[in-house]
Amino acid sequence: MGGVGEPRGGRGPGEGPVRPGAPLPTFRWEQIRRHDLPGDKWLVIERRVYDISRWAQRHPGGSRLIGHHGAEDATDAFRAFHQDLGFVRKFLQPLLIGELALEEPGQDGGQNAQSWCLQHDLGHASVFRKSRWNHVAQQFVMGQLKGFSAHWWNFRHFQHHAKPNIFHKDPDVTVAPIFLLGESSVEYGKRKRRYLPYNHQHLYFFLIGPPLLTLVNFEVENLVYMLVCVQWADLLWAASFYARFFLSYVPFYGVPGALLFFVAVRVLESHWFVWITQMNHIPKEIGHEKHRDWASSQLAATRNVEPSFFIDWFSGHLNFQIEHHLFPTMPRHNYRRVAPLVQALCAKHGLSYEVKPFLTALVDIVRSLKKSGDIWLDAYLHQ
């Protein structure tokens with residue numbers, strides 16, 4: 001084994017992997033953290049160091065996802081997102097450049113524990129045994145049945161699961177300057193930023209949040225993503241949805257009636273989506289990277305909603321948000337089975353396992369927005 005430090009002559013980005021059979025150079029965290037720049041990204045997985053600078057552009061999660069996670073220990077995320085670890089490790093081998101020095105700890109420290117619902121299941125590869133079947137089916141459901149890009153959804157959603165409730169890493173909470181959440185409230189207040197009356201954001205949330213997320217924000221973001229990232233196949237799938245939709249309804253309702261029907265469906269879907277997904281996240285801790293271990297980071301950003309036959313169906317089993325984030329590839333009908341085991345494990349290791357009634361969870365969305373708005377106002381006026 002080589003000594004601790006840069007390999008002989010120094011290993012810069014693009015120099016290629018270690019030769020088969022050659023001793024692996026070892027690195028300290030201070031050296032690895034230097035390689036967290038555009039075009040120069042290193043990552044630690046299972047104590048091995050990989051140069052992902054070029055590979056990041058081809059990763060299914062997108063270059064932005066990998067770009068946020070350079071110079072980190074990604075072992076837990078790697079194991080959570082890949083079902084066949086042996087198969088995926090083959091793709092990592094050409095990127096191997098060394099290993100973490102024996103005396104170096106994992107960056108996150110010790111471990112404490114270890115339709116839209118349909119396309120969500122397909123995106124998490126939890127329907128079919130083969131990942132390829134899940135991806136193909138997701139493209140059909142997302143493109144032909146919904147008019148969106150499967151690659152765009154994966155690009156956003158994988159970031160959310162990797163770093164939930166972390167600013168600039170989770171797009172679901174990086175919503176300033178429209179809404180201020182968590183730590184951003186104090187930051188905007190101290191800097192005297194007032195683009196909107198944030199102390200009333202819990203009120204205008206009802207006007208631009210649930211009604212318009214899918215109809216406006218997702219439609220625009222989805223189209224821009226397909227054009228910028230040159231996802232022509234997804235663009236054709238989306239076009240097939242609109243062609244089918246308007247060819248089916250224009251003969252009956254005319255163009256204005258078909259457009260009104262389209263808007264009504266999107267607004268209804270948007271309400272459903274926003275309330276169901278955000279009741280598990282917005283009331284929780286939202287801020288900058290804390291470098292927690294996998295289990296702690298997921299539990300700090302998620303909570304469950306009390307189960308019932310109706311709630312399980314209505315939320316697509318996402319009321320078991322803790323289990324979903326800890327085991328993102330698990331089929332959702334198993335969440336109820338593993339929930340008692342997860343709760344017991346959290347109790348054993350002193351980890352928070354929060355469960356709220358359904359209506360309380362919904363009201364907490366508004367309460368958390370009001371709390372963040374009040375914090376902004378106080379910082380704006382007095383700090």
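# Exercises on packing, pockets and backbone geometry

Arg-332 touches Cys-117, Asp-121, Gly-316 and His-317, not counting residues up to four places away in sequence; a contact here means heavy atoms within 4.5 Å. The model is a predicted one, in which local features need pLDDT of at least 70 and side-chain atom pairs count only at pLDDT 80 or more, whereas totals for chains, interfaces and linings use all residues. Residues are numbered from 1 along each chain as its sequence is written, and side-chain values use heavy atoms, with hydrogens and water left out.

## Exercise 1: Arg-332

Task. State where Arg-332 lies, and classify its accessibility.

Solution. Step one is placement: Arg-332 belongs to the loop between α14 and α15. Helices (H or I, at least four residues) and strands (E, at least two) are DSSP runs, numbered from the N terminus. Step two is accessibility, where buried means under 20% relative accessible area, exposed over 50%, and partly exposed in between (1.4 Å probe, protein chains only). Because its relative accessible area is 22%, Arg-332 is partly exposed. Step three is a distance: Arg-332 and Gln-321 are 11 residues apart in sequence and 9.9 Å apart in space, C-alpha to C-alpha.

## Exercise 2: The largest nonpolar core

Task. Which residues of the largest nonpolar core touch the most other members, and which element gives the most to this core?

Solution. A nonpolar core is a set of buried Ala, Val, Leu, Ile, Met, Phe, Trp, Tyr and Cys residues joined through side-chain atoms within 4.5 Å. The largest one has 24 residues, of which Phe-205, Met-279 and Phe-358 touch the most other members. Two or more residues each come from α9 (201-208), α11 (232-278) and α16 (358-382). With 7 residues, α16 gives the most. The contacts of Phe-205, leaving out residues up to four places away in sequence, are Phe-179, Pro-210, Pro-211, Val-274, Trp-275, Ile-365 and Leu-369. Another core, of 16 residues, lies apart from it and includes Ala-77, Ala-295, Leu-299 and Phe-320.

## Exercise 3: Helix α12

Task. How many residues of α12 are buried, and against which helices do these pack?

Solution. First, the count: in α12 (residues 294-301), 8 of the 8 residues are buried. Among them are Trp-294, Gln-298 and Leu-299. Next, the partners: the buried residues pack against α3 (75-81), α7 (150-162), α14 (321-326) and α15 (335-349). Last, the N-terminal end of α12 is capped by Asp-293, with a side-chain oxygen 3.2 Å from the backbone nitrogen of Ala-295.

## Exercise 4: Asn-304 and Ser-372

Task. Are Asn-304 and Ser-372 buried or exposed?

Solution. Begin with Asn-304, which has its place in strand β6 (residues 304-305). Its relative accessible area is 3%, so Asn-304 is buried. The side chain of Asn-304 reaches the backbone nitrogen of Gln-321 at 2.9 Å. Further contacts of Asn-304, beyond residues up to four places away in sequence, include Asn-280, Phe-320, Tyr-353 and Lys-356. Asn-304 and Met-279 stand 25 residues apart in sequence and 8.8 Å apart in space, C-alpha to C-alpha.

Continue with Ser-372, found in helix α16. Ser-372 counts as buried because its relative accessibility is 8%. Not counting residues up to four places away in sequence, Ser-372 touches Leu-180, Leu-181, Gly-182, Ser-185 and Gln-201.

## Exercise 5: The second largest pocket

Task. What is the volume of the second largest pocket, and how is its lining divided by class?

Solution. On a 1 Å grid over the protein atoms alone, a pocket is an open set of points where a 1.4 Å probe fits, with protein on both sides within 12 Å along at least five of seven lines; lining residues have an atom within 4 Å of a point. The volume, the space filled by probe spheres set on the points, is about 1,000 Å³. Of the 44 lining residues, Arg-156, Asp-172, Leu-213, Asn-217 and Phe-218 are the closest to the centre. Elements that give two or more residues to the lining are α5 (116-123), α7, α9, α10 (213-228), α11 and α14. The lining has 22 nonpolar, 15 polar and 7 charged residues; Ala, Val, Leu, Ile, Met, Phe, Trp, Tyr, Cys and Pro count as nonpolar, Asp, Glu, Lys and Arg as charged, and the others, Gly among them, as polar.

## Exercise 6: Backbone geometry

Task. Which residues does a cis peptide bond join, and where does Ala-125 lie?

Solution. The cis bond joins Ala-176 and Pro-177, with omega about 10°. Pro-177 is in the loop between α7 and α8 (184-190). Ala-125, although not a glycine, has a positive phi of about 55°. Ala-125 is in the loop between α5 and α6 (131-145), and its 9% relative accessibility counts as buried. Val-230 likewise is not a glycine and has a positive phi of about 55°. Val-230 lies in the loop between α10 and α11 and is partly exposed at 45%.

Terms used. A polar contact is a pair of N or O atoms within 3.5 Å; within protein, one must be able to donate a hydrogen and the other to accept it, and residues adjacent in sequence count only if both atoms are side-chain atoms.
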